[in-house]
Amino acid sequence: MDAVRLIVTSRRALAASGDAPGTLTEVWQAQALAQAIGSRLAVSGPPELRGEALGLTELAGRGCGVLAAPDLDTSDLRAAQLTELDDARHTLLCLGGLLAEVGIALIGMASAADETTYWQCMEAIDAADESRDRVREMLRKLAAREEAAMPETEVG
């Protein structure tokens with residue numbers, strides 16, 4: 001399935017998750033999807049993104065690691081459904097939005113959580129924020145590449 005479609009599905013599921021366990025499951029799913037997208041970009045994305053994409057893979061993996069892995073059937077794991085990543089720029093724009101929403105959802109959870117869940121949320125917020133920083137850096141590099149590829153216009 002296309003990366004953007006999976007991101008949209010994750011955004012909808014995160015918005016619809018009503019309780020803390022549901023939200024944590026969707027946060028984990030989003031981080032796993034970010035990890036898969038980072039991995040895909042590191043292997044077959046534009047060369048100038050590969051270092052940042054590896055960093056995204058590691059950070060999103062950390063985001064998954066601080067949360068208990070949900071009990072999901074393999075067919076329900078969105079990251080495992082990733083088969084296409086056609087437009088890196090559009091995918092990264094959408095992924096940045098998803099990671100921002102993950103942070104917002106976790107802030108809401110942390111404010112009403114017990115101490116253990118609070119610290120899990122704080123670490124997951126940190127991982128999502130750092131992942132989003134990597135996404136922004138990749139978008140910056142793509143913009144620089146596109147700008148460098150544009151022909152110079154003569155000033156007359």
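Student: At what angle do the axes of α3 and α5 cross?

Tutor: In this predicted model, the axes of helix α3 (residues 50-65) and helix α5 (residues 115-149) come within 8 Å and cross at roughly 165 degrees, where axes are lines fitted to C-alpha atoms over the stretch in contact and angles run from 0 to 180 degrees between N-to-C directions. α3 and α5 are therefore roughly antiparallel to each other, a term kept for angles over 145 degrees. Helices here are DSSP runs of H or I with at least four residues, numbered from the N terminus.

Student: Which residues of α3 and α5 make the contact?

Tutor: With contact meaning heavy atoms within 4.5 Å, the α3 side includes Gly 51, Leu 56 and Leu 59, while the α5 side includes Glu 123, Val 135 and Met 138. By class, the residues of this contact divide into seven nonpolar, four polar and eight charged, with Asp, Glu, Lys and Arg counted as charged, Ala, Val, Leu, Ile, Met, Phe, Trp, Tyr, Cys and Pro as nonpolar, and the others, Gly among them, as polar.

Student: Switching to α1 and α2, how far apart are their axes?

Tutor: The axes of α1 (residues 3-16) and α2 (residues 20-44) lie 9 Å apart, and the helices pack at an angle of about 165 degrees, which makes α1 roughly antiparallel to α2.

Student: And which residues meet there?

Tutor: Leu 6, Ile 7 and Leu 14 are among those in α1, meeting a set in α2 that includes Val 27, Leu 33 and Ile 37; the classes in this contact come to eight nonpolar, two polar and one charged.

Student: What caps the N-terminal end of α4?

Tutor: Asp 87 does, with a side-chain oxygen 3.2 Å from the backbone nitrogen of Arg 89.

Student: Which cut-offs and numbering apply?

Tutor: Local features need pLDDT of at least 70 and side-chain atom pairs count only at pLDDT 80 or more, whereas totals for chains, interfaces and linings use all residues. Residues are numbered from 1 along each chain as its sequence is written, and side-chain values use heavy atoms, leaving out hydrogens and water.

Key. Parallel < 35°, antiparallel > 145°, perpendicular 65-115°, else oblique. Polar contact = N/O pair within 3.5 Å; in protein donor to acceptor, adjacent residues only side chain to side chain.
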